[in-house]
Amino acid sequence: MTVADAGEQSEALTSVLELLRLERTGHDTCTGTSLEHLSGRVYGGQVLAQSLIAAAGTVSDAGLPAERLPHSVHGYFLRPGKLDRPITFEVERMRDGGSFSARRTHAIQDGKPILSMITSFQERQPGLDHAEDPPEVPGPEGLESSADLFSRYDHPAANFYARTGAFDIRHVEGSIYVPRGRSPLSRQALWMRSRGRVDADQLTHRALLAYACDQVMLEPVLRRHELVWTSPGLSVASLDHAMWWHRDVRVDEWLLYVQDAPSAQGGRGLGLAKVYDQAGDLVATLAQEGMVRVPEGS
């Protein structure tokens, strides 16, 4: 089940790319559908990526002299999304300046927003350039693939992710999908790459990064408290999400996520991540706070 370096797209990856082809229904509105999810709710990364694509459509048609790519998003998840309902994306054109554009996107179901997000776009410009170096970690080739892990377990969650996982994830410290022993660290590193090549523009690659990252952002919180995704009674949901793209990114090449969880309190946990490409360039920084609840006494 491991993806070859230049293999064909998996069916799961093709489905995600189809998901990003929104239907334009008005000057500043469009609609999209959802993929199934084990939680029974719309996956947060999906609606993030779709909202980004919806906002970008109103930038590309604004008659600006040069292409503007998203460099940051700040969004709040307001309600759980329903899988059997279409999502309407309403975009507010907040500003088109000399080199930056700002858009607010509301993702709406049944007349109520499930996500509200502001995206900022910038045309390519010269300027100061520096970035932190990545830590020394083992490369992805010698690490266990999430697909290989899932294939060994006859469990509904393993079967679901083996079938629908569009990205190959390889944890440096070992995955937290199933119990692996006690290791209360608030940090982790993992490699991630799409299951197949993505021949698409930079906007699509940035949207796919937004899609993919949501599934791992709160893992350092779980790791710190010696929890795994299959811990009985565990309830996790994204509350807000922020990300900054620093440089161009390709999700069909290995990306290193260096993650930490500086705080958890009151049923909330904060996850941070720096994302590097294989050349060691910092391509993105992410932050997400989520609800993390476990039964009393756990």
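This is a predicted model: local features need pLDDT of at least 70, side-chain atom pairs count only at pLDDT 80 or more; totals for chains, interfaces and linings use all residues.
Histidine 74 has alanine 242 of S9 as its bridge partner. Residues are numbered from 1 along each chain as its sequence is written. Local features need pLDDT of at least 70, side-chain atom pairs count only at pLDDT 80 or more, totals for chains, interfaces and linings use all residues, and side-chain values use heavy atoms, with hydrogens and water left out.

The chain contains six helices and 12 strands, which are DSSP runs numbered from the N terminus (helices: H or I, at least four residues; strands: E, at least two). Its radius of gyration, taken over C-alpha atoms, is 19 Å, in agreement with the value near 19 Å for a compact globule of 298 residues; the globule rule is 2.2 Å times the number of residues to the power 0.38. The C-alpha trace spans about 55 × 45 × 40 Å along the principal axes of the chain.

An open sheet of 12 strands is formed with antiparallel pairing, in the order S1-S2-S4-S5-S6-S3-S9-S12-S11-S10-S8-S7. Strands S1 (23-26) and S7 (167-171) are the edge strands, each pairing on one side only. From one strand to the next, the twist averages 25 degrees. S9 also pairs with strand S12 (residues 282-293), in the antiparallel sense over 10 bridges, and tryptophan 244 stands opposite threonine 285 in S12. Strands S10 (residues 255-265) and S11 (residues 268-277) are joined in the antiparallel sense by nine bridges; glutamine 265 has arginine 268 of S11 as its bridge partner.

Helix H2 (residues 44-60) packs on the sheet and touches several strands, including S3 (68-77), S6 (112-123) and S9 (235-245); contact means heavy atoms within 4.5 Å. The direction of H2 makes about 50 degrees with that of S6.

A helix pair is described by the angle between the axes and the distance between them. The axes of H1 (residues 11-19) and H5 (residues 202-213) come within 11 Å and cross at roughly 110 degrees; axes are lines fitted to C-alpha atoms, for helices over the stretch in contact, and angles run from 0 to 180 degrees between N-to-C directions. H1 is therefore roughly perpendicular to H5 (65 to 115 degrees). Val16, Leu17 and Leu19 of H1 meet Thr204, Leu208 and Tyr211 of H5 in this contact.

Technical notes
Angles under 35 degrees count as roughly parallel, over 145 as roughly antiparallel, 65 to 115 as roughly perpendicular and the rest as oblique. Two strands pair if DSSP finds at least two bridges between them.
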